[in-house]
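Subject: Structure handover

Hi,

Here is the structure I promised you. Please open it and keep it beside this email while you read.

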Amino acid sequence: MLLKIYNNQLTPKDMDMIVRTFREGGIIIYPTDSVYAFGCDANNRKAVERICMLRNKDLKHPMLSIVCGNIAQIREYTLFSDDTYKILKQYLPGPYTFILEGNSRLPKLFRNNRKTVGVRIPNHPVPMQIIENYGTPLMTASLRADLSDDIEYMTDPELMEEKYGDTVDIIIDAGIGNITPSTIIDCTGDEPELVRQGMGQL
């Protein structure tokens, strides 16, 4: 289903449908402050596995990320120092993904790899509205284009519907998306390490 929205605002009816979709184990495609992404309830293993298959991620060693509503929610699922907290507070919300050590509350599927997880707080009203209403972090994975395409990430929601209309439940159409992903910073070592330079400037 292609859900067109205006001024990046979801109506109460839209939100009810999205929340119901997550509770039933569904998948959505939604806009962020970087690129469009897949999203589902991070605690729903089957939904997470479906996104991994859509993204061709190795289910035995997936590098997974979650979207949270604030730093307090990030702390519920990860471990980080006071110095890292200062970095998170400085750059979030924004187009950044921080790799942090997960704790015991992190869903088991996320702990199958290095016990680390990418965390995001996008500076975009749509994911923030969703997190605020749903109350649980979303598993997220950027929407890559086919290898034959000129761009690395899909930007046109109508083309997303053509490709994924039969495999995801809702595609939120907020207009043409960006082509540059988030900047990734690994905060699990002694010093923060830039893994990928994206939209966010350090």
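**What I found**

What covers the buried residues of helix α2? The cover includes strands β3 (37-41) and β8 (138-142). Bear in mind throughout that this is a predicted model.

**Helix α2**

Start with the helix itself. α2 runs over residues 45-54, and A47, V48, I51 and C52 in it are buried. These four cover an arc of only 145° around the axis, which puts them on the same side of α2. Now turn to the face pointing away from that buried side. It carries K46 and M53, which are exposed.

Next, look at the ends. N44 caps the N-terminal end of α2. A side-chain oxygen of N44 sits 3.3 Å from the backbone nitrogen of K46. Just after the helix comes N56, with a positive phi of about 55°.

**Helix α4**

Compare this with α4, residues 82-91. Which residues of α4 are buried? They are T84, L88 and Y91. Seen down the axis, the buried residues of α4 fall within an arc of 80°, so they line one face of the helix. The other side of α4 has exposed residues: D82, D83, K86, K89 and Q90. The cover over the buried residues of α4 includes helix α3 (71-77) and strand β6.

Follow the chain on from α4. P93 is in the loop between α4 and β6. The peptide bond joining L92 and P93 is cis, with omega at about 0°.

**Two helices that pack**

Two packed helices are described by the angle between their axes and the distance between the axes. Take α1 (residues 12-23) and α5 (residues 125-134). They pack at an angle of about 65°, and their axes are 10 Å apart. That makes α1 roughly perpendicular to α5. The crossing of α1 past α5 is right-handed.

Which residues meet there? From α1 come M15, I18, V19, F22 and R23. From α5 come Q129, I130, N133 and Y134.

Go back towards the start of the chain. N7 lies in the loop between β1 (2-4) and α1. N8 is in the loop between β1 and α1 too. N7 is not a glycine, yet its phi is positive, about 55°. N8 is also a residue other than glycine, and its phi is near 55°, again positive.

Are they buried or exposed? N7 has a relative accessible area of 72%, so it is exposed. N8 has 25% relative accessibility, so it counts as partly exposed.

Now find T183 in strand β10. Its relative accessible area is 0%, so T183 is buried. The side chain of T183 has a polar atom 2.6 Å from the backbone oxygen of G200. Set aside neighbours within four places in sequence. T183 then contacts P95, Y96, T97, L194, R196, Q197, G198, M199 and G200.

T97 is on that list, and its own place is in strand β6 (residues 96-102). T97 is at 7% relative accessibility, so it counts as buried. Which side chain does T97 reach with a polar contact? It is that of S182, at 2.8 Å. The contacts of T97 are S65, G118, V119, R120, S182, T183, I184 and I185.

Last stop: I179. Where is I179? It is in the loop between β9 (170-173) and β10 (183-186). I179 and S34 are 145 residues apart in sequence. In space, their C-alpha atoms are 7.3 Å apart. I179 also touches V35, I151, Y153 and T155, not counting residues up to four places away in sequence.

**Where to begin**

Colour A47, V48, I51 and C52, the buried residues of α2. Then colour T84, L88 and Y91, which are buried in α4. After that, bring up α1 and α5, which pack at about 65°. Finish with T183 and G200, where the 2.6 Å distance runs from side chain to backbone oxygen.

Best wishes

Methods: Residues numbered from 1 in each chain as written. Predicted model: local features only at pLDDT ≥ 70, side-chain atom pairs only at ≥ 80, totals over all residues. Heavy atoms only, no water. Buried < 20%, exposed > 50% of the residue type's maximum accessible area, 1.4 Å probe, protein only. Helix = DSSP H or I, 4+ residues; strand = E, 2+ residues; numbered from the N terminus. Arc of directions from axis to C-beta. Contact = heavy atoms within 4.5 Å. Polar contact = N/O pair within 3.5 Å; in protein donor to acceptor, adjacent residues only side chain to side chain. Axes fitted to C-alpha atoms, helices over the stretch in contact; angles between N-to-C directions. Parallel < 35°, antiparallel > 145°, perpendicular 65-115°, else oblique. Left-handed = near helix turned anticlockwise from the far one by under 90°.
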